[in-house]
Amino acid sequence: MASDLQMSPQLEQIHGEIKDNFRALSNGFQRLDKIKDSNRQSKQLEELTGRMRECKRLIKEFDREIKDEESKNPPEVNKQLNDEKQSMIKELNSYVALRKTYLNTLGNKRVELFDMGAGASDVTAEENVQMASEMSNQELVDAGMKTMDETDQAIERSKKVVEQTIEVGTQTAVTLKGQTEQMGRIVNELDTIQFSIKKASQLVKEIGRQVATDKCIMLFLFLIVCGVVAIIIVKIVNPNNKDIRDIPGLAPPAPSRRLLYLRDTDQF
């Protein structure tokens with residue numbers, strides 16, 4: 001029947017992988033009957049459980065592909081594909097029931113129906129456990145679909161958490177980039193301020209030297225003026241002092257004139 005189904009290449013590949021895993025499960029349980037050692041049986045059951053987990057994942061992927069191609073296929077093909085999916089779920093659950101039987105043989109009296117680590121507490125898990133042998137095929141199918149739906153919801157929640165984490169990381173990277181650029185601008189401004197302060201210090205030193213030079217010149221001019229004034233004063237006070245040379249441009253003082261009074265001899 002499976003060979004008569006119209007499948008896309010992707011569906012055919014997934015379907016083939018599921019069938020390969022089912023054959024491996026069948027051979028594994030056949031070998032399990034020949035193993036007498038309990039430790040080896042437990043190890044073989046762990047390997048078979050891994051196979052069943054892989055089958056579950058592939059069946060879910062097969063179901064997603066069916067939903068994606070549902071609009072492209074005629075209703076008859078979609079019905080056949082869904083029937084094939086239900087058939088694979090039933091076959092998987094039959095291996096789950098067989099696994100439970102072997103686990104009971106090894107000492108586990110109660111086992112969850114294909115427990116894939118849903119994360120519930122032990123008390124809640126024990127309350128929800130059903131023996132696979134007590135369930136009808138429809139109940140097995142419903143239980144398998146419910147488990148798949150719960151797993152899908154958990155995956156969607158994980159995707160949302162990853163998207164939020166990526167968004168927060170992106171915002172953090174943008175913020176860090178802006179802060180880095182701002183720090184670069186601040187460093188450049190500090191360098192500019194330091195250079196300006198250095199130039200200002202040099203300018204202040206040059207101005208100080210110029211002011212000191214101007215003060216020295218003013219002091220020398222003041223001393224020269226004071227000397228000239230002193231010479232003028234001494235020259236005026238003591239004009240006959242020969243130790244002091246005449247100042248160029250300054251006329252020597254006029255000699256004092258004596259008026260002679262001559263008597264008229266005729267009057268005597």
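Modeller: What follows is a walk through the fold, the core, the salt bridges, the surface and one annotated span.

Colleague: How many helices and strands are there in the chain?

Modeller: This is a predicted model, and its chain contains 5 helices and 0 strands, so that DSSP reads the elements from the N terminus on as α-α-α-α-α. Buried residues account for 23% of the 268 residues, and the chain exposes about 20300 Å², of which carbon and sulfur atoms supply 55%. Among contacts between residues at least 6 apart in sequence, 65% join residues at least 24 apart.

Colleague: Which residues have the most contacts inside the largest nonpolar core?

Modeller: As a general idea, nonpolar side chains in soluble globular proteins tend to be buried together. Here the largest nonpolar core has 30 residues, and those with the most contacts inside it are Ile18, Phe22, Leu25, Phe29, Phe62 and Leu81. Helix H1 (9-34), H2, H3 and H5 each supply at least two residues of this core, and the largest share, 9 residues, comes from H3.

Colleague: How many salt bridges does the structure hold, and with which residues does aspartate 63 form them?

Modeller: Side chains of opposite charge can pair when their charged atoms come close. The structure holds 9 salt bridges. Aspartate 63 forms one with lysine 67, with the closest N and O atoms 3.4 Å apart, and one with lysine 85, where the closest N and O atoms are 2.7 Å apart.

Colleague: How are aspartate 63 and lysine 67 placed in helix H2, and is lysine 67 buried or exposed?

Modeller: Aspartate 63 and lysine 67 are 4 residues apart in helix H2 (residues 38-68), and are therefore separated by about one helical turn. Lysine 67 has 54% relative accessibility and so counts as exposed, because the cut-off for exposed is over 50%. Aspartate 63, at 9% relative accessibility, counts as buried, and both aspartate 63 and lysine 85 are buried.

Colleague: Where in the chain are lysine 79 and aspartate 83, and how far apart are their closest N and O atoms?

Modeller: Lysine 79 and aspartate 83 form a salt bridge whose closest N and O atoms are 3.2 Å apart. The two residues are 4 residues apart in helix H3, which means that about one helical turn separates them. Lysine 79 counts as exposed, at 53% relative accessibility, whereas aspartate 83 counts as partly exposed, at 36%. Elsewhere, salt bridges that share partners join Lys19, Glu84 and Glu91 into one network.

Colleague: Is asparagine 78 buried or exposed, and which residues does it touch?

Modeller: Asparagine 78 is found in helix H3 and is buried, because its relative accessible area is 8%. Not counting residues up to four places away in sequence, asparagine 78 touches Glu69, Glu70 and Asn73.

Colleague: Where is leucine 106, and what does it touch?

Modeller: Leucine 106 is in the loop between H3 and helix H4 (122-128), and is partly exposed, with a relative accessible area of 30%. Although leucine 106 and serine 42 are 64 residues apart along the chain, their C-alpha atoms are separated by 7.9 Å. Leaving out residues up to four places away in sequence, leucine 106 touches Ser38, Gln41, Ser42 and Leu45.

Colleague: Which residues make the nonpolar surface patch?

Modeller: Met183, Ile186, Leu190, Ile193 and Ile197 make a nonpolar surface patch of about 480 Å². One of them, isoleucine 186, has its place in helix H5 (residues 137-237) and is partly exposed, with a relative accessible area of 36%.

Colleague: Which residues does UniProt list for "transmembrane region"?

Modeller: In an unreviewed entry, UniProt lists residues 217-237 under that name. In the model, this span is 100% helix and 0% strand, and its end C-alpha atoms lie 30 Å apart. The label comes from the record, and such annotations may be inferred rather than shown by experiment.

Technical notes:
Residues are numbered from 1 along each chain as its sequence is written. This is a predicted model: local features need pLDDT of at least 70, side-chain atom pairs count only at pLDDT 80 or more; totals for chains, interfaces and linings use all residues. Side-chain values use heavy atoms; hydrogens and water are left out. A salt bridge is a side-chain nitrogen of Lys or Arg within 4 Å of a carboxyl oxygen of Asp or Glu. Buried means under 20% relative accessible area, exposed over 50%, partly exposed in between (1.4 Å probe, protein chains only). Patches are made of residues with over 30% relative accessible area and no salt bridge: like charges are joined within 9 Å, nonpolar side chains (Val, Leu, Ile, Met, Phe, Trp, Tyr) within 5 Å. Accessible areas come from the Shrake-Rupley method with a 1.4 Å probe; for residues, only the protein chains shown count as cover. A nonpolar core is a set of buried Ala, Val, Leu, Ile, Met, Phe, Trp, Tyr and Cys residues joined through side-chain atoms within 4.5 Å. Contact means heavy atoms within 4.5 Å.
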